[in-house]
Amino acid sequence: MLLVVGQIGKPHGIRGEVSVVVRTDEPEERFTVGSVFITEVPRDRRVSTGPAGTPAPGARFEVPKQLTLESIRWHQGRGIAVFEGIHDRNVAEAMRGVFLQVDSSVLTPPEDPDEFHDHQLIGLRVESADGVTLGTVDRIDHAPSSDLIVLKKAAGGTALIPFVTAMVPAVDVPGGRIVVDLPEGLLDL
């Protein structure tokens, strides 16, 4: 499974540097010189993946399938990065919006037993404390106050469950389930 760890922002300067919006809790681990990222072009963009390099005049630029990080420095919470083969502001501009992904199989599992990667939770069955199946985890949203489980309800529709110990007392990844103890009416909102 591919996980988005960043997104390329606007160009920085004229030598191909780009800002990177980080989407991982461990940027120092993910964004090291030599790191290879699999690219994904957002659906609303009209470019395709292909070989990197400066396109011939009049030719359409194609985003490479992979990018290797050549250098990175941190400025105001964002990375300013240079990727191999991207050494021109015009090419850097064409990279704007591209997602940077890594394969989940290369990630080390968290050391804390109460910490999980999002991809470990997606698809798990969500049950009430008395064993009634409520649905499955569709995704995890990261809100400012707490993470939210987006529940795909068995009866249809979705609901948001705050991912806090009071409401989520047990997460059993090997057993494929999450146990929740919710206040009455939360799933009806």
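Reader: What share of the 189 residues in the protein chain is buried?

Author: Start with the source: this is a predicted model. Buried residues make up 38% of the chain.

Reader: How many helices and strands does the chain have?

Author: Count the secondary structure before tracing contacts. There are 3 helices and 12 strands. The C-alpha atoms fill a box of roughly 65 × 35 × 30 Å along the principal axes.

Reader: Among contacts between residues at least 6 apart in sequence, what share joins residues at least 24 apart?

Author: That share is 52%.

Reader: Which residues touch the most other members of the largest nonpolar core?

Author: A nonpolar core is a set of buried residues joined through side-chain atoms. Here the largest one has 22 residues, and Ile 8, Phe 31, Phe 37, Phe 83 and Leu 100 touch the most other members. Two or more residues each come from β1 (2–11), β2 (18–22), β4 (66–75), β5 (78–83), α2 (89–94) and β6 (99–103). Apart from this core lies another, of 16 residues, including Leu 124 and Leu 151.

Reader: What does Leu 100 touch, leaving out residues up to four places away in sequence?

Author: Take one residue and list its partners. For Leu 100 they include Leu 3, Val 5, Ile 8, Val 20, Phe 31, Phe 37, Leu 67 and Phe 83.

Reader: What does the side chain of Ser 35 reach?

Author: The Ser 35 side chain reaches the backbone oxygen of Thr 32 at 2.8 Å. Beyond four places in sequence, Ser 35 is in contact with Arg 30, Leu 67, Thr 68 and Leu 69. Leu 67 is also among the residues that Leu 100 touches.

Reader: How many positive and negative side chains does the chain have?

Author: Count both sets, then compare their centres. There are 18 positive and 27 negative side chains, with centres 12 Å apart. As for surface, the chain exposes about 11,100 Å², and carbon and sulfur atoms supply 50% of it.

Notes. Residues numbered from 1 in each chain as written. Predicted model: local features only at pLDDT ≥ 70, side-chain atom pairs only at ≥ 80, totals over all residues. Heavy atoms only, no water. Core = buried A, V, L, I, M, F, W, Y, C linked by side-chain atoms within 4.5 Å. Buried < 20%, exposed > 50% of the residue type's maximum accessible area, 1.4 Å probe, protein only. Helix = DSSP H or I, 4+ residues; strand = E, 2+ residues; numbered from the N terminus. Contact = heavy atoms within 4.5 Å. Polar contact = N/O pair within 3.5 Å; in protein donor to acceptor, adjacent residues only side chain to side chain. Areas by Shrake-Rupley, 256 points an atom, 1.4 Å probe, with all protein chains shown as cover. Lys, Arg positive; Asp, Glu negative; His and termini not counted. Charge placed at Lys NZ, Arg CZ, Asp CG, Glu CD.
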